[in-house]
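Reader: I am new to this structure. Please walk me through it in short steps.

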Amino acid sequence: MKTKTFSMLLLLVLVNFASLQAQDVTPDRRLQLLKEDVHNRYQSNNITHLDMLQALEFAGIQIMKFDLGQFDERFKLYLITETYENGKLVETDTILSGDNRYHYFQRAQEGVFHDYMDQLKFITKDDDNKSEIRLHTYKMSTKFKIELEKWDDRQFYNWRYFRGTHWQLNEKVPLMIFASSWKDKRYDFHRFCGRVVLEEGEEGTEELLQESPAYVLFSYIVSPMPEKKEESGDR
């Protein structure tokens, strides 16, 4: 009898304690900003997208996206790199070989749907004369690396991208370039001039392509889908 009474009293004490604990909790409805940075250490109210991109660049990371334009039928799509040294093409590589169509699914709808790609996205992480690159499309992603020669401690590499990247049938469309600085023979220092945004045939772009002793050019080509061969023979 005494044991049962003790158990009941203990249960009442625990219930009352839990009730008191629950009453001590006040829901925290502050914004995440105040919960995690109450002293405004990161100045997040003042940080812009541009600031973040500049910070990423300082860490060697850049993001480049390219508008391909609109497709109205299925085509082959190739992404290629061309490596130049002293103005001469020394290596060509195919990074992507596929078509311009991708598949996707929709909630509450059965089946597989298809559409055409309209962009390519590259994320680069640089380390001096090397760059690790991740390519993203709507249907896949892939990662690869490039490395170019470095023969001078003052030498440096930069990325530049092209404007006017809409597809043209059977034409090589340049996207971006990883290029070396070059030595100014008159003043004996390395420089990287020309346009910030490149354009085929433009004077500053041509200067960069002619003066840079080593660079990798990224381009893509759109071509017709191969025709299916009809089966032949007697039946």
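Reader: Is Leu 208 buried or exposed, and at what relative accessibility?
Author: This is a predicted model, in which local features need pLDDT of at least 70, side-chain atom pairs count only at pLDDT 80 or more, and totals for chains, interfaces and linings use all residues. Residues are numbered from 1 along each chain as its sequence is written, and side-chain values use heavy atoms, with hydrogens and water left out. Buried means under 20% relative accessible area, exposed over 50%, and partly exposed in between (1.4 Å probe, protein chains only). Leu 208 counts as buried, because its relative accessibility is 0%.

Reader: Where does Leu 208 sit, and which residues is it in contact with?
Author: Leu 208 has its place in helix α4, residues 203–211. Helices (H or I, at least four residues) and strands (E, at least two) are DSSP runs, numbered from the N terminus. Contact means heavy atoms within 4.5 Å. Leaving aside neighbours within four places in sequence, Leu 208 is in contact with Arg 160, Ile 177, Ala 179, Trp 182, Phe 192, Cys 193 and Leu 198.

Reader: What separates the C-alpha atoms of Leu 208 and Gly 194?
Author: Along the chain, the two residues are 14 residues apart.

Reader: How many helices and strands does the protein chain have?
Author: The chain has 235 residues, and buried ones make up 30% of them. Of its contacts with a separation of 6 or more, 59% come from residues 24 or more positions apart. The count of elements is four helices and 14 strands.

Reader: Is Ser 219 buried or exposed?
Author: Ser 219 has its place in strand β14. Not counting residues up to four places away in sequence, Ser 219 touches Tyr 78, Leu 79, Ile 80, Glu 82, Lys 172, Val 173, Pro 174 and Leu 175. Because its relative accessibility is 1%, Ser 219 counts as buried.

Reader: How many residues apart in sequence are the parts that Trp 159 and Phe 178 tie together?
Author: Rings of Phe, Tyr and Trp (its six-membered ring) pair if their centres lie within 6.5 Å; planes under 30 degrees apart count as stacked, over 60 as edge-to-face and the rest as tilted. Trp 159 and Phe 178 form a tilted aromatic pair, 4.9 Å centre to centre with 40 degrees between the planes. Both Trp 159 and Phe 178 are buried. Trp 159 lies in strand β9 and Phe 178 in strand β10 (residues 172–180), so the pair ties together parts whose separation in sequence is 19 residues.

Reader: Which residues form one aromatic cluster?
Author: The structure holds 15 aromatic pairs. One cluster is formed by Phe 66, Phe 122, Phe 144, Tyr 157, Trp 159, Phe 178 and Phe 218.

Reader: Which residues are closest to the centre of the largest pocket?
Author: On a 1 Å grid over the protein atoms alone, a pocket is an open set of points where a 1.4 Å probe fits, with protein on both sides within 12 Å along at least five of seven lines; lining residues have an atom within 4 Å of a point. Of its 22 lining residues, the closest to the centre are Glu 57, Ile 61, Gln 62, Ile 63 and Trp 159.

Reader: Which element gives the most to the lining of the largest pocket?
Author: α3 (49–58), β1 (61–67), β6 (119–127) and β9 (157–162) each supply at least two lining residues. With six residues, the element that gives the most is β1.
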